[in-house]
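I opened the model and kept notes as I went. The entries follow in the order I looked things up.

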Amino acid sequence: MDNATNLHGATSPVARCYFVTLGCAKNEVDTDRMRALLLDDGMAEASTVQEADVVILNTCSFLASATQEGVETTLELAEQAAEGARQRPIIMCGCMPSRYGDQLQSELPEVAAFVRADDEDDIASVVRRVLGLPQDGFSAATVARTLRTVSGASAFVKISEGCDRFCAFCAIPYIRGRYASRTADQILAEVSDLMRGGVREVVLIGQDTGIWGSDFDDPQQNLAWLLRRVAKVVAPYDGWIRVLYLQPEGMTDELVATIRDTPEVLPYIDIPIQHCDARVLHSMGRTGSRQEFQELFARLRREIPGMVLRTTGMCGFPGETEEEAQELYDFVQQEEFDYTSVFSYSQEEGTAAARMPDQVSEDEKLYRTQRLYDLAEELGFAATAKHVGERVRVIVDRVEDGEDGEPDVVGHAWFQAPDSDGAVHVKGGNPRPGDIVTCDLVDSFCYEMVGDLVEEGNPNEQ
């Protein structure tokens with residue numbers, strides 16, 4: 001086992017762990033927490049499978065395609081883990097063990113241990129057991145502390161777990177359990193820790209962020225209340241707050257006013273509607289209608305001038321007619337969203353929709369999905385181009401090797417959620433990952449933009 005420095009300053013780690021994360025940003029947060037717990041337990045992170053003593057795979061199982069990716073990744077990692085003189089055990093965490101439980105043990109004998117999403121705080125104990133190490137480094141106090149290992153200027157922060165919506169197409173409540181808000185103290189402590197560590201943008205996420213606090217006894221503790229308190233934490237660092245996954249019902253007058261009147265909260269609104277036809281929405285187990293959504297988005301544009309709006313549309317839900325698919329297409333075209341994620345309905349085992357009659361054929365789902373996707377790109381490219389000529393702050397995410405031999409400095413502006421909405425390629429100077437710089441946006445291509453560096457550091461313009 002190679003020597004390495006861990007959080008305790010030791011030079012000989014208990015074990016070296018290699019991490020692989022599949023799925024969404026919420027899984028990235030979970031992996032980061034497991035990484036921090038293991039580092040605090042005296043272990044170290046390996047940069048390759050061959051350097052590792054154990055491989056930790058955090059899986060997604062939201063769609064059948066994600067489950068298949070998890071299986072394929074497991075088999076690929078097993079081949080790599082078997083190379084050389086020793087076998088490196090694989091530990092599978094997250095959604096697949098949560099969804100399929102004991103079935104996986106016979107299906108994937110390559111895996112040494114399975115850890116459900118709600119058991120991931122025990123990861124240090126599991127690693128020690130799998131490697132045959134003494135159980136003497138793990139403690140409840142370690143789990144209770146705020147532990148993150150974020151590098152760079154942006155960090156996702158989960159404000160809740162689970163979901164109570166039980167939409168007909170979605171398996172998340174069965175995988176992640178019922179909705180549970182994290183406490184304000186937990187969230188604020190984590191944000192404070194991240195800001196001290198160099199983070200300048202916190203992205204608040206959850207399955208349904210708009211109802212944060214609804215499971216508390218104090219009715220004053222809602223998302224608007226939380227945002228104002230997070231803003232006080234990030235303000236001394238000139239930081240940004242971005243909120244994702246707001247359901248339409250969560251856009252209260254208080255929340256809209258808080259987003260509008262709190263400088264630290266970016267005017268970036270993410271509302272996944274899935275559809276606009278009232279009948280389809282009712283069949284999905286959701287609420288709303290085209291008229292209600294039109295009124296909502298008109299109110300948001302009126303109350304928060306210049307905001308950026310992201311949504312999600314689903315094509316081919318069971319029973320969706322050609323006319324209803326056209327209505328969704330027309331609605332997206334009418335609203336001219338800045339960003340629209342488009343999904344083809346997936347018949348997920350265990351969900352109500354999987355048992356519904358009138359399943360749409362795969363060819364028809366593909367046609368409707370591609371058609372809406374093409375429209376979304378057309379609108380998104382045009383929305384991106386409208387920012388040419390603006391002077392904005394850009395968070396530098398990474399520096400890559402450019403095609404011309406020069407470094408390609410890649411970052412994102414306030415209207416681009418990290419890892420989702422394209423990027424700004426910064427020209428000039430020598431900024432590093434984690435820096436915040438000011439750029440003049442001079443060109444765009446698809447969702448990508450070119451920004452000429454104006455100054456480096458942490459300027460106040462937005």
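**Helix 1.** I checked the length of helix 1 first. Its 16 residues reach 23 Å from the first C-alpha to the last, close to the 22 Å expected at 1.5 Å a residue. This is a predicted model, so I read every value as computed from it. I then looked at burial. Helix 1 is mostly covered, with 14 of its 16 residues buried. Just past the helix I found Gly42 with a positive phi of about 95°.

I went through the pairings one by one. Strand 6 and strand 9 (residues 201-205) run parallel and are joined by five bridges. In this pairing Ser154 stands opposite Glu201 of strand 9.

I asked what covers the faces of strand 10. In a regular strand the side chains alternate between the two faces of the sheet. For strand 10, Trp240 and Arg242 lie on one side, Ile241 and Val243 on the other, and all are buried. Both faces are therefore covered, with "buried" meaning under 20% relative accessible area.

**Helix 8.** At 1.5 Å a residue, its 13 residues should span 18 Å, and the end C-alpha atoms are 18 Å apart, so the two agree. Which residues of helix 8 are buried? I found Ala184, Ile187, Leu188, Glu190, Val191, Leu194 and Met195. They sit on the same side of helix 8, because they cover an arc of only 160° around the axis. An α-helix has 3.6 residues a turn, so residues three or four places apart point the same way. The face turned away from the buried side carries the exposed residues Asp185 and Arg196. I also noted the partners: the buried residues pack against strand 6, strand 9 and helix 9. Just after helix 8, Gly198 takes a positive phi of about 110°.

**Nonpolar cores.** I then turned to the cores. The largest has 67 residues, and Met251, Ile269 and Phe297 have the most contacts inside it. Helix 9 (residues 223-234) supplies the largest share, nine residues. A second, separate core of 28 residues includes Tyr268, Val392, Cys439 and Leu441. I listed the neighbours of Phe297, leaving out residues up to four places away in sequence. Phe297 touches Ile271, Ile273, Met307, Leu309, Phe331, Glu335 and Phe337.

**Thr340.** My last entry is a residue of strand 13 (residues 339-344), Thr340. Is Thr340 buried or exposed? Its relative accessible area is 10%, and the cut-off for buried is under 20%, so Thr340 is buried. Beyond four places in sequence, Thr340 touches Thr311, Gly313, Val332 and Ala376.

Note on methods: Residues numbered from 1 in each chain as written. Predicted model: local features only at pLDDT ≥ 70, side-chain atom pairs only at ≥ 80, totals over all residues. Heavy atoms only, no water. Core = buried A, V, L, I, M, F, W, Y, C linked by side-chain atoms within 4.5 Å. Buried < 20%, exposed > 50% of the residue type's maximum accessible area, 1.4 Å probe, protein only. Helix = DSSP H or I, 4+ residues; strand = E, 2+ residues; numbered from the N terminus. Contact = heavy atoms within 4.5 Å. Pairing = 2+ DSSP bridges. Expected span 1.5 Å × (residues − 1). Arc of directions from axis to C-beta.
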